[in-house]
Structure formats: C-alpha cells, structure tokens
There are 2 protein chains.
Amino acid sequence: MRNRTYTADAEPGDTVTVAGWVHEVRDLGGIAFLILRDTSGKIQVKFEKDEMDDDLVETGLGVHRESVISVTGEVDEEPRAPTGVEVTPESLDVIAEAEAQLPLDPSGKVDAELSTRLDNRTLDLRKDEVKAIFEIRAEVQRAVRDKFRDLRATEINTPKIVATGTEGGTELFPITYFGQEAFMNQSPQLFKQLMVGSGLERVFEVGPIFRAEEHNTPRHLNEATSIDFESAFIDHTEAMDVCEAVVTAAYEAVEENCQDELEALGLEEEFERRPRVPAAHLRGGHRAHQRTGELDEQLVWGDDLPTEGEKALGEDVGEHYFITDWPSEIKPFYIKDHDDDETLSTGFDMMHPNMELVSGGQREHRFDHLVAGFEQQGLDPDAFEYYTKMFKYGMPPHAGFGLGGERLIMTMLGLENIREAVLFPRDRQRLSP
Amino acid sequence: MRNRTYTADAEPGDTVTVAGWVHEVRDLGGIAFLILRDTSGKIQVKFEKDEMDDDLVETGLGVHRESVISVTGEVDEEPRAPTGVEVTPESLDVIAEAEAQLPLDPSGKVDAELSTRLDNRTLDLRKDEVKAIFEIRAEVQRAVRDKFRDLRATEINTPKIVATGTEGGTELFPITYFGQEAFMNQSPQLFKQLMVGSGLERVFEVGPIFRAEEHNTPRHLNEATSIDFESAFIDHTEAMDVCEAVVTAAYEAVEENCQDELEALGLEEEFERRPRVPAAHLRGGHRAHQRTGELDEQLVWGDDLPTEGEKALGEDVGEHYFITDWPSEIKPFYIKDHDDDETLSTGFDMMHPNMELVSGGQREHRFDHLVAGFEQQGLDPDAFEYYTKMFKYGMPPHAGFGLGGERLIMTMLGLENIREAVLFPRDRQRLSP
C-alpha cells in the first residue's frame, strides 16, 4: 500500500487512502459514521446514504468491528468529528474481516482478566492504554542506550547459552546443547566484567536474562530484560552516579517524548509531580534504617528488607533511594568489600518504594581474593576458570550494576503486575503465546 | 577514580592522573619510555632516571607488560611522542600486575589462532583491530535502530523461551522449563507478525536467536543476533525498500562515525569505494539468472544458490542484490504467494557476494490460506493456535524481513570467520567462555 496515509496525517483538501481497523460504527438513519483506527490515531468516515453508492454503504456499515478496511476519499474539516476531520469514501475495501465474536474487547469497554489479555495480546494491544506501555518501553530503551553512549560506554551482546551460571547451579534453566549440558544465562555479570579488562573498558547491554526461580508473584518473571553496565576505573559510588543518570534520563525522555502515551495511561499530571532520582537519593543503607524510626523493629541489619520495610522506607525518603554497605557475607563473590572494613561490602541496591530496581557494586578485581571468594561461597573456581584466569593478566578495578528493565517500567507507570510490561511474559504457568 | 583523565583527553599544561595498561617499555639508558594504553588511545610516560625518584623509576620500568597502572604527572608537548604529548610521572601505582607470560600477545606482534583468541577474548580485545570490530558492531546497532525509528517502527522484545519453534521441531535447542518441554526461539517471526495486527502495526527487534543446526562453518553460529522488522500495510517490495534503507544507514553511519576503527582494520579506503546498497540493487531473482550468462549451467531455478553461484552473481551485479520470486513450495508457510501466480512466492533474499544476509517477504494474512499452508508443510496448526487464531480478528496485510546481525558485520568488514563478529561465539564445539 505505497500510497497509504496514516490517519493522523490526513489533511483537509487531500484525497487519501487510509487503512486500519473498524473501531466503531454509528448509524443515525440517513447518515452514519464509521471510526477507522490505525496506529497514529482515528478518523471519521462519513456515509450519507442517499448520496452514495448502495453497495459501498452496505459494505461499510455491515462490516464487523475490528475488521481491517481501507477507504479512499476526500478529507474535509468537520469540527464535530473526533479529530476535526472526516473522510467521505469514494471506495472502500474490506481487507480482512474479523469474526463477530472476539475473545477480548479492544475498545476496553468490557474489562478482561490479565490472563485473557495475555492470551490475546494482539487484540489487547489495540487499546491505547496498553499500546502506550510498549511505546514507553521502547522510548526508555532508546533513552538508556543514548545515555550510556553519552557516558562513553560501548553496547555489547553477551551469550545467552552458557556452560555455568553466574552464581553456580541455582535457578538455571538447563538446555541440551549438542549432547552437552548447558544453561540459559541468568545474568551477563561475568561476561561484562571480562570486557572491562579488554580494550572496551566500559560497556552496557540491554538483553534477556533467564531465571528458573519458583516465585510466581506480580513482580517476578522467568524471562526478563536486564539493563547492564560495567566500567573499568570506577568505584561503587561512581557506578551509583551512572545509575542515577540513566534512570533520570529514562524518566526525562518519557516526560518529554511520550505525553500522548502518559495521557492514555492517565498519568500526565502525576508523572510530572514525581520526584526525580537525585532529589530522592539517599546513601548509607544500614544507617538509613536508623533514620526510619518505626522501621527499626522490623529490620535486622543485613537482612533483605521485608516488603513492608521497603515501602515505609520509600515513603520516608522519596521515590528512589540507594541502600549501601550490605554485610559482605550475603553478597556474591564478585562484589568487593570495603578496604577499611572487610565485613562491609561495596554492594548497593537502588530501591523504589515497591521493589528493588538495581543491584550493583564495586567488583573484586584481585585474582587471589576472587578465588578465595569462590571457595567461601562453596563454588568450584575451576568451573569458572575462563573467567578467573583473565584476572591474572591485568584486570583494572571496576564497578557496575544491573537494572531490571521491566521493574523500571512497572514502577514508572504504576503497573500492578510486571507482566503488563512484557509483550509475551513467561512464568511458571505461562509458556505461550 | 573520580579524577582519572582518558589518555586522549590529556592536554599540555595539565596535571593529570591517567590509568590503563602497560603497552610497551623502551629503556634507552639514561632515559626510558613507557607507553600507557587505555580505551581512548595511548600516551608516553617519560622516565629521566637521574632526575626522578629511584623507586618510581624501578617500579615503572620493572612492571610486566599488560599490567594496569596509574600515573599522575604533568603533560607536556613532545613532537617525538606517538601522540605528541608525554607525561612526566610524579607518582605511579601498580594497580594490577599481569603475569609475565600471557596466553596471547595483545600487541598483535605474535599471531594467534582464532580459538586461542576466543579463549582469551579479554586480551584479544586489547588489540585495536579487534576492538574496532566491536565498536563498529555497536555503531551498526545504533544506526539500524535509529533508522527503524525514523521509519515509525517501535522496538519490541519477544520471548526467547517458547513452546513451539517457528518452523516446527527442527533445529531447536530443548529446554527443561519447570518440567515442561520448551525451546529456545529460533526466530521472532511469529511474534513480530502478531504485533502487526496490534495497535503497534510496525515493529523491529534486535535480539538473540538460537539454532541447533549441525553446520560448523565459518559463516554459521548457533547463537546469533537477528535484526527483525515487520510492518502492517506494506508488501514485499516496500519491505525491500526498508531493508535497503536500513543496510544503507548502517554503512553510512560506520563511514561517518568510525573512521578510526576503519583505519585500525586497514579498511578506510576500501570502505569508501564500496557500492552502497541502492547502487548495486537488482530485482527479479530467477530472472537475474538469465542475465548472468556463465552461471546458467550451475543454477536450477528455485534451488538455493550454490556458494559459487552466489559469488559469481555478486561479482556480476555488485555488492548487494535481491533475489525474488522463489518458488512457493520451498518457502515457509508464512510467506505469501503472488496473487497472479500461486507457484511464485513473494519471498526475497538480500544477498552479498559471499552469503545471504536477509530473508523476507510478504506474509500470508488470510486465516484459511495460513492454516492450509501449515498442513501442506506437515505442521500441526493446533500447536500454533496462539498464532493462527489472531488471524481471525482482523489481521492486516504485512511484510518484513530478518537481517543477520553478524553476517552484516562480517561482510561489511570482510571478516573471514563470522566468529570474529561475536564477543563469545557459540558453535558445536564452543560453549565457553
């Protein structure tokens, strides 16, 4: 359809061919209106029954809702039309007739369960407020990539099929790989670290990760998108600065470039009022507990914060905050301890009142400490030799983080279930579509 | 290292701290030079033995090559230095000493087998000409994403864990997914098609694909990057236009933004002389055979072109060309036939003299034809119901293509083995690092 015009581009005086879905038909007797919807918006198609070819009127008004049609005709101003213009059809083609009964109502007038929506994502995504989530998701990916590039990082792609998991054998999906045992990678952690010792020095990746965790909650996915960053010659405080800059860039880009989408989600005002990351930024994790008064009783230093605690802390300090200085023993082998206190790690989390968004830290770059760390965690250093041996050939100090792509979208847009931020989510029960 | 200066940013008159790898040490007696390398370039560090602290001189000149050090000192102009400036160290720290014996020589003076290089990618990527490949790869991904967005497409992420493969049970890696059988996805084909029927209409994805094919050749990978595009309301000729635009954008971006990298690869002149896609663009696949004279004998219409034929045809018509109008019977069920000749498909390939880069076509959007196509290919339509049923609810005509990300880099840079375009390639033998 070389000469198709998007509905949003139809100007009064033009003769256009527009194509899309039949959103609604209103028959008022002598006159009738069909609302045609495409990705750019909607346009009114007018049928004046006495003045038009009977076949054309019959076809246009008889077609099922959600069928795909194209209409050729002249565009006129019409202040009473939803977008101020309307098309009077000279010809109309039914390109793909929809069944009369749909499993889901794309007009959104009839509510549907999330599972019905996910089973019928094609129809679900015809709703403005669902489409908006994925337009925003795409914009967030663009914004974070651009920000990483501004910060002189190079985009990389690390393998998703691996011989060993990042943290040993837990929570891995096994693959049969030409008769060998392999796994789907749960994190690009070890690979991105190998790259900071290369000539690239500073890298980022936006890609899928796979976790066989048993949780089946509104905030867990078994296949997710991880936004990873790692850089040579920075420490954990500089990694937190990059983390702030990237999350801030994502919020700013959405505010600047996604006003229509925010409006479709009813978020245009709320979004503007939200604190940006730097404004609500807090350092000094276990020390933060002492500031939160009523939380003290629930919190034991070094425990993962209970959900209630996360929420209360978030309300106390703002939309996003860092928790730092976790006890070394609960952090993985690749996180470096503080030089002046080996019981304290440089690991940090960036929190949202509802959940953890980011996990990062300075990394252990000293070969002997690294190998000792493997042994302390009961992992076999030999299985990770491809990784550890590079630490003998000049590995710089480095730090980085992993940011949960879907969690960022979920918290940004206030979604109730993380599955709403994924086109085709994967969980214990859901493997299709 | 908050105050670290990249070597390329060190200006005469500044006092800087630079950090990186010891590239080379030249001891001339009373004076000695250390070349320090970081991601931005190299800088000369000068040791005047009689005028400097003995410990500092001893440390600087005694450190193994490829160790990580930092140097603080004043920058001066020095026309004889490789970059026209040098640092006189006031202090020098050895941050991570490298072993004296390295498995690979990052200066590139000693050649290494590809398998040794891949086993030691961290060291391999300290060579300018290897690093250049991955800087270019990142730039290509940026350029194609930006071009797709210019063309009003939305970036999507489709699942990599699936219940059924795109083309049935062949060439799939099986996964154990919570006790169910699942697979790693071999193509986003069916998912991107589901999106053209949604409100998004036009989508692209840059992501991993997984193929359990037995080939172990210089141009096959078992995990690769696919650059996918799919759009409602276009036909196969318009999909070819988009394909051309995207490949052209990639070449242009590399020419414009990667001159240093092209130089590191020795390609700066050759690259400019190469024909761009439109200039070497040919349509009419089986008809093209007739134009190629000497090729006629090797070619049977409808067969995949033999490698020799691909090369000869490429030399005849230029760097890239399309082959169209393949016989319907050899194309998969989702490719639409020509309306005026059902024995001819709308499928197309974009070829490079050395290999196929792109496969695309107009898709079958009619439910009954689609289901018949499944049956003709011996596939069970019920296993794909999540896909086929959406064709009953208003599926527009659509077309698209998949472009092999690594093949694009390989042909663009004249690499001899596709593994050179992947940080950590996966093949039958290689699962680590």
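The following dialogue reads several features of a predicted model.

Reader: How many strands form the closed barrel of chain B, and in what order do they run?

Author: A barrel of this kind is described by the order and sense of its strands. In chain B, five strands make a closed barrel in the order 1-2-3-5-4, and their pairing is mixed. On average, neighbouring strands of this sheet are turned by 50 degrees against each other, direction ignored.

Reader: In which sense do strand 3 and strand 5 of chain B pair?

Author: Strand 3 (residues 41-48) and strand 5 (residues 85-96) of chain B pair in the parallel sense, over two bridges. Gln44(B) has Glu86(B), in strand 5 of chain B, as its bridge partner.

Reader: What does helix 1 of chain B lie across?

Author: Helix 1 (residues 54-62) of chain B lies across strand 1, strand 2, strand 3 and strand 5 of that chain, and runs at about 75 degrees to strand 5.

Reader: Which residues of helix 1 are buried in chain A, and why are they on the same side?

Author: The general idea is that an α-helix has 3.6 residues a turn, so residues three or four places apart point the same way. In helix 1 of chain A, the buried residues are Leu56(A), Val57(A), Gly60(A) and Leu61(A). Because they cover an arc of only 110 degrees around the axis, they are on the same side of the helix. Their cover includes strand 1, strand 2, strand 3 and strand 5 of chain A. The face turned away carries the exposed residues Asp54(A), Asp55(A), Glu58(A) and Gly62(A).

Reader: What caps the N-terminal end of helix 1 of chain A?

Author: Asp53(A) does, with a side-chain oxygen 3.2 Å from the backbone nitrogen of Asp55(A).

Reader: Where is Glu97(A) placed, and what is it in contact with beyond its sequence neighbours?

Author: Glu97(A) is in the loop between strand 5 and helix 2 (114-119) of chain A. It is partly exposed, with a relative accessible area of 42%. Leaving aside neighbours within four places in sequence, Glu97(A) is in contact with Val63(A), His64(A), Ser67(A) and Lys392(B). A polar atom of the Glu97(A) side chain lies 2.9 Å from the backbone nitrogen of His64(A).

Reader: What rotation superposes chain A on chain B?

Author: A rotation of 180 degrees, with 0.0 Å of shift along its axis, superposes them with an RMSD of 0.0 Å. The two copies are therefore related as by a two-fold rotation axis. In chain A, the C-alpha nearest the axis belongs to Ile175(A), 2.3 Å from it. Because 100% of the interface residues of chain A are also interface residues in chain B, the copies meet through the same surface.

How values were computed: Residues are numbered from 1 along each chain as its sequence is written. Chains are lettered from A and ligands numbered from 1 in the order in which they are written. This is a predicted model: local features need pLDDT of at least 70, side-chain atom pairs count only at pLDDT 80 or more; totals for chains, interfaces and linings use all residues. Side-chain values use heavy atoms; hydrogens and water are left out. Two strands pair if DSSP finds at least two bridges between them. Helices (H or I, at least four residues) and strands (E, at least two) are DSSP runs, numbered from the N terminus. Axes are lines fitted to C-alpha atoms, for helices over the stretch in contact, and angles run from 0 to 180 degrees between N-to-C directions. Contact means heavy atoms within 4.5 Å. Copies are superposed by least squares on the C-alpha atoms of residues with pLDDT of at least 70 in both. Buried means under 20% relative accessible area, exposed over 50%, partly exposed in between (1.4 Å probe, protein chains only). A polar contact is a pair of N or O atoms within 3.5 Å; within protein, one must be able to donate a hydrogen and the other to accept it, and residues adjacent in sequence count only if both atoms are side-chain atoms. The arc is that of the directions from the helix axis to the C-beta atoms.
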